[in-house]
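Thanks for coming, everyone. Let me show you the structure on the screen and walk you through it.

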Amino acid sequence: MSRHFSLVSNTIIVLQVFMLIFGVFDLSALPEWILFGGKFHPLLLHLPVTMILLLIPLAFMANRDSQSQVLQSIFKYTLLYTTLFATLAAIGGLLLASSGDYAQDTLTVHKWLGISLALLTHLLLYAREWIIAKKTTGQLALLSSAVIMIAGSHFGGSLTHGEDFLAWGKEEELATSFPVLTDSTTVFDGAIQPVVAAKCATCHNNKKMKGGLDMSSFAAWQKGGKTGASWVSGSPDSSLLMARILLAMDDKKHMPPSGKAQLTANEILLFREWIRLGADNQLAFHALQDTDTLKQLIVQVASTGTPAKQAKQYNFSGASQSTIDGLNTPFRRILPLAYNSPALGVKFFLKEKFTPDMLDACSAIKEQVVEVNLSNMPADDKLLNTMGMFKNLEKLNLNGTSITGKTLGTLADCKHLEQLSLAGTAVDMNALQPLTAISSLKKVFLWNTKITDQDIVALQKQYPQISWDLGYVPDKNELLKLTPPYPANRDKRILEPGEPVTLKHPLPGVKIRYTLDGSNPDTTNGKVFEGPIPAKGLTRILSVATASGWISSNISDQTFFMKGIKVDSVSLLNPPDPKYRKFGSNALIDEIKGEAGNFGMNWLGFKDQTFKAAFHLNGTKAITQVLLSLADNTGSYIFPPTQIVVKAGNDRNQLKVIGKLSPEMPKSDRSNAVIPYLVDIIPGNYRYFEIEAVNIQKLPSWHRGKGEKGWVFVDEVFFY
């Protein structure tokens, strides 16, 4: 037994040397397999906590029966393993803390309390006989270790669960509290921020930044976290926020985490629609059209001065979770309308992926479906024949679909239909007549259709039981802000030579002005968009929407890349960071553009080593330029490279430097972007290229990570 005691005791000494070293130095540069040990900290910490509490009665019993060798031995080995597990827990905590996800002030206190506890229990191990002999002072010595343990646990709980985790009488606030919306309320303050505060900011705030993300204010949230920006303005399908929210509940990256208050279906759609309209924190609630999906969602989830209604009760049973899980895909989401409600809503995403079969498959939950959202999907008149199977359907959104209204009469089978949205469709007065026979119908949205103001007056007079809504008619003295223009094909950023770009705006009569020289367009500067813009080489289009009686939109900044000379093959000479290499070398030539902020898709990230890759071409065409598409996200430590070096030759043994570029470094934080860097090279018919982009080795003094290495993220390389 003494040999066993000596072996464990000596192991503790070695471990505590490492513990003290780890406590002083930055561990973030350690290999990933070592840092993985930090994952065991939550498991290990419970052992010393329990054993310290057990030592106090053991010492008391050993003191009363000092002749009992059994009690002496139990106390000795309990103290030995308390010290061992306290040391291992401290080391695990230090490794876990290297992620930088925690408030530094609280972390520092928690760290040194943990280290102190391990050292104190080690000291008590050598003083165990004195503890038993000295009844009062010995108990006080053990009690001091318990006090340190409790204090350390308090700060640990604050790090993990928030500063008020152990506050007396504090209850976790699960419900979202919305303010009363007025004309001066912005969508962000009135609807987005209350949801964030209730269900996101407990883990993402200026005291506890999980993943390096602070959501306590719009400015902090906009900077993004370690994996990049939370959203891509105008593109919810490319936004990291939506990707994390829509992950399966058992996925460790699902947000909010399992066990936390989850977002409701309407809250999820609220985030999506807000991002679709540009994620603008200045967008006013009253500036939204009544038929706009975002406004309808806000009215449903936020308080508008009327008492909150209880969730509607239904007499049908709920669908099985396995059935719902089987139907949920990234392009079709089935979500409950309220907590513990059997009623379900079905929402479709990404029109390119939509097929009628996706709606037919919902027959498995046809009894539970009360809302269907087909907004902007390629749904036609034939598809409406399917709607009759949803006998409990209450709301149907067909905004922006290709229906003409010829088959709207088939909706008569939906005996509970209360609300129908037809904005942006080709319906006319004749198509609306069958709707008047649906006794349950209360509201029809008809903005941007063939229906005129005179038609609405006639409909309202003849069928007063239905509210016929032609949309928001602004006060002539009220100035509202337009949303920015956007490309007709939002997903296409790599074009064929001469392929045109078309700009769009959802509001009829809006004038779009644009520039191609990098200057900001306004009501006087820039060309008026009158037709497709031919792309010539690398094309950057800055555009703004203007209209009489409206405030001009924010500037939309869109960059389009031209397809280059075909690359035969590519290989990485330096490996990317393990977190950002799953797409491999092919990501550099697959002609799929990465989005600013969504670094989990189509990007390769480099930090410990520079970006360095080899490209093989057939050498039949002369090449004069090389273009690298790089991410720019200073909030996530992603900077331009300090230097781009292009070498070329017939093979790797005959290389020479043919071009260099030293990009300008940012002087302060700036918005997330994808920036093209064009390197002019000595023209030639080269067959082999080696391209290196050197990441910044020390971030500047103005940056919060000053002195640390920066990242370089690459998603595409072009040869012209």
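Let's start inside. The largest cavity has a volume of about 310 Å³. Keep in mind that this is a predicted model. In total, the structure holds two cavities of 30 Å³ or more.

What lines the largest cavity? There are 22 lining residues. Nearest its centre lie Asn266, Leu269, Leu297, Glu371 and Asn373. By type, the lining divides into nine nonpolar, nine polar and four charged residues. Which element gives the most? That is H13, with four residues.

Now the second largest cavity. Its volume is about 50 Å³. The lining is made of Leu277, Asp280, Leu283, Lys481, Leu482, Thr483, Pro484, Ser553 and Asn554. That gives four nonpolar, three polar and two charged residues.

Next, the nonpolar cores. The largest one has 45 residues. Five of its residues touch the most other members: Val372, Met387, Leu408, Leu411 and Leu422. Helices H14 (321–327), H15 (356–360), H16 (429–432) and H17 (453–462) each bring at least two residues to this core. So do strands S2 (344–348) and S3 (369–373). The largest share comes from S2, with three residues.

Which residues is it in contact with, leaving aside neighbours within four places in sequence? The list is Val346, Phe348, Leu359, Met387, Phe390, Leu393, Lys395, Leu396 and Asn397. There is also a second, separate core of 35 residues. Val196, Trp231, Ile245 and Ile298 are included in that second core.

On to a strand. S22 covers residues 623–632. Eight of its 10 residues are buried, so S22 is largely enclosed by the rest of the structure. What does S22 pair with? One partner is S25, residues 673–684, joined to S22 by nine bridges. The two run antiparallel. Look for valine 626, which stands opposite valine 679 in S25. Another partner is S27, residues 712–719. Here the pairing is again antiparallel, over five bridges. On that side, serine 629 stands opposite glutamate 716.

Is proline 487 buried or exposed? Its relative accessibility is 3%, and buried means under 20%, so proline 487 counts as buried. Beyond neighbours within four places in sequence, proline 487 is in contact with Arg493, Thr502, Leu503, Gln558 and Phe560. How far away is threonine 502? In sequence, proline 487 and threonine 502 are 15 residues apart. In space, the C-alpha to C-alpha distance is 5.7 Å.

Finally, the whole protein. It has 720 residues, and 49% of them are buried. The secondary structure comes to 17 helices and 27 strands. Now consider contacts between residues at least 6 apart in sequence. Of those, 67% join residues at least 24 apart.

That's the tour. Happy to take questions.

Conventions. Residues are numbered from 1 along each chain as its sequence is written. This is a predicted model: local features need pLDDT of at least 70, side-chain atom pairs count only at pLDDT 80 or more; totals for chains, interfaces and linings use all residues. Side-chain values use heavy atoms; hydrogens and water are left out. Buried means under 20% relative accessible area, exposed over 50%, partly exposed in between (1.4 Å probe, protein chains only). Two strands pair if DSSP finds at least two bridges between them. A nonpolar core is a set of buried Ala, Val, Leu, Ile, Met, Phe, Trp, Tyr and Cys residues joined through side-chain atoms within 4.5 Å. Contact means heavy atoms within 4.5 Å. On a 1 Å grid over the protein atoms alone, a cavity is a set of points where a 1.4 Å probe fits but cannot get out, and a pocket is an open set with protein on both sides within 12 Å along at least five of seven lines; lining residues have an atom within 4 Å of a point. Grid points are joined across faces, edges and corners, and a volume is the space filled by probe spheres set on the points. Ala, Val, Leu, Ile, Met, Phe, Trp, Tyr, Cys and Pro count as nonpolar, Asp, Glu, Lys and Arg as charged, and the others, Gly among them, as polar.
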